[in-house]
Amino acid sequence: MKRDELIKLFEQVGAIRTGHFELSSGRHSATYIQCALVLAHPPLAEQLGHALAELFKDHSTGCVVSPALGAVIIGHEVARALGVRALFVERDRSGQMSLRRGFELVPDERVLVIEDVWTTGGSTRETIGVVEESGGLVVAAGALIDRSGDRLDLNVRAHALLEMDVPSYEPDECPLCRAGGAPTRPGSRFSRTAL
Ligand code: ZN
């Protein structure tokens with residue numbers, strides 16, 4: 001899928017919005033991204049999963065592992081396109097990510113880690129750690145959107161379907177506030193995981 005087509009698709013369902021937003025971090029931005037709003041449409045989730053899987057078809061992946069909750073659907077769709085298992089890691093009561101529900105990896109199983117949005121890549125790094133502790137071999141990592149601004153450091157091959165440069169500002173430095181606008185707070189109505 002071409003970049004223009006992807007952005008249009010996300011914008012049509014409100015998953016990428018342009019305006020003046022206060023993010024859950026307190027910073028202001030002209031762009032809001034919420035992948036759950038595009039993944040809520042199963043045909044679109046399938047289409048995006050297929051497009052993302054295309055980037056990794058040469059990696060002979062044994063299974064896909066994603067961090068819950070935001071990346072479960074896209075991980076599942078990438079796994080469907082590759083014809084492999086879709087597992088996920090989730091936080092236990094102590095806040096540690098782990099494989100639960102009887103999910104197991106075959107020793108040295110080749111794993112593709114799939115995320116919805118990379119902001120810092122923290123969840124992906126944690127997921128890679130869990131996979132390695134569980135005996136898997138992480139061959140690559142993928143995401144629908146990379147908004148890290150080239151600051152990502154995952155120590156594995158990493159590709160995103162869409163790279164977006166999304167500036168954000170401290171409120172007292174926000175050019176949109178200076179222009180007299182007031183921000184809306186999508187984070188109060190939507191999941192904060194993608195902010
Ligand atoms: Zn502002």
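Colleague: Which residues touch the most other members in the largest nonpolar core?
Modeller: Phe-10, Leu-48, Ile-74, Leu-144 and Ile-145, in a core of 32 residues. A nonpolar core is a set of buried Ala, Val, Leu, Ile, Met, Phe, Trp, Tyr and Cys residues joined through side-chain atoms within 4.5 Å. Buried means under 20% relative accessible area, exposed over 50%, partly exposed in between, with a 1.4 Å probe and protein chains only.
Modeller: Two caveats. The model is predicted, so local features need pLDDT of at least 70 and side-chain atom pairs count only at pLDDT 80 or more, while totals for chains, interfaces and linings use all residues. Residues are numbered from 1 along each chain as its sequence is written, and side-chain values use heavy atoms, with hydrogens and water left out.

Colleague: Which element gives the most to this core?
Modeller: α3, with 6 residues. Among the others supplying at least two residues each are α1 (3–12), β6 (110–118) and β7 (137–146). Helices (H or I, at least four residues) and strands (E, at least two) are DSSP runs, numbered from the N terminus.

Colleague: What does Phe-10 touch?
Modeller: Leaving out residues up to four places away in sequence, its contacts are Ala-15, Ile-16, Cys-35, Val-38, Leu-48, Leu-144 and Ile-145. Contact means heavy atoms within 4.5 Å.
Modeller: There is also a second, separate core of 18 residues, including Cys-63 and Val-113.

Colleague: Switching to the metal. What coordinates the zinc ion?
Modeller: His-20 (NE2), His-28 (ND1), Cys-174 (SG) and Cys-177 (SG), at 2.1 to 2.4 Å. Donors are N, O and S atoms within 2.8 Å of the metal (3.2 Å for Na, K and Ca); water is not among the atoms, so sites may look incomplete.

Colleague: Why is the arrangement called tetrahedral?
Modeller: Because the 4 donor atoms subtend angles of 95 to 118°. Four donors count as tetrahedral if all angles lie between 85 and 135 degrees.
Modeller: His-28 is in strand β2 and Cys-174 in the loop between β9 and α6, so the pair ties together parts 146 residues apart in sequence.

Colleague: Is Cys-174 buried or exposed?
Modeller: Buried, at 0% relative accessible area. His-28 counts as buried too, at 5%.

Colleague: And Glu-115: what is the nearest side chain of opposite charge?
Modeller: Arg-91, 8.3 Å away. Lys and Arg count as positive and Asp and Glu as negative; His and the chain ends are not counted. Glu-115 is buried yet has no salt bridge, meaning a side-chain nitrogen of Lys or Arg within 4 Å of a carboxyl oxygen of Asp or Glu.

Conventions
Tetrahedral: all angles 85-135°; square planar, octahedral: opposite > 155°, others 65-115°.
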